[in-house]
Amino acid sequence: MIKVIVMDVDGVLTDGRIIIDENGAEYKFFDVKDGHIFHIAQNLGLKIAFISGRYSKVTTQRAKELNVELCIQNQLDKTQALEYIKNYYNVDYTEIAYIGDDIIDIKPMKRCGFSAAPNDAHLKVKMAANYISSKNGGRGAVREIVEEILKINGFKNFWD
């Protein structure tokens with residue numbers, strides 16, 4: 001049973017584009033449907049954590065909005081961050097799902113009990129994934145993947 005869902009942010013929760021205006025303000029696009037499934041999963045007892053290779057105030061804000069307790073940023077060693085999350089929630093790797101889209105995500109994906117990728121993830125990431133979304137990052141991929149995880153956990157009618 002999956003107890004913790006860990007995911008990258010840029011390219012998974014977003015489409016990977018980062019807009020920076022002339023004043024240095026950063027903008028990212030998130031899909032509201034992806035965010036809504038977080039509340040459903042959390043109400044069913046799952047924990048969600050973010051690991052991002054870069055720091056972003058926008059990511060911090062989105063984590064707060066979604067009640068994501070662990071938002072680890074500026075972390076290029078994602079296996080180290082994954083180990084921290086595993087210990088923090090006192091779970092085994094088999095109880096963790098990891099969603100990633102780029103080469104840096106492959107090592108942590110391989111450690112987890114379930115791994116997934118958006119449809120537009122790097123080919124090598126898709127080859128390492130147990131599940132590939134039919135949707136792209138930032139365009140409903142997380143929603144589809146988390147729904148699959150809920151089904152795997154036995155929540156067939158989680159929308160009722």
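Is Phe-29 buried, partly exposed or exposed? Because its relative accessibility is 43%, Phe-29 counts as partly exposed; buried means under 20% relative accessible area, exposed over 50%, and partly exposed in between (1.4 Å probe, protein chains only). This is a predicted model, in which local features need pLDDT of at least 70 and side-chain atom pairs count only at pLDDT 80 or more, while totals for chains, interfaces and linings use all residues. Residues are numbered from 1 along each chain as its sequence is written, and side-chain values use heavy atoms, with hydrogens and water left out.

Phe-29 sits in the loop between strand E3 (26-27) and helix H1 (32-43); helices (H or I, at least four residues) and strands (E, at least two) are DSSP runs, numbered from the N terminus.

Ile-48 is in contact (heavy atoms within 4.5 Å) with residues including Ile-5, Met-7 and Phe-38.

Tyr-131 lies in strand E8 (residues 131-132). Its C-alpha is 4.6 Å from that of Ala-116, 15 residues away in sequence. The side chains of Tyr-131 and Glu-144 are joined by a polar contact of 2.8 Å, that is, a pair of N or O atoms within 3.5 Å, where within protein one must be able to donate a hydrogen and the other to accept it, and residues adjacent in sequence count only if both atoms are side-chain atoms.

Note on methods
Lists of a residue's contacts leave out its neighbours within four places in sequence.
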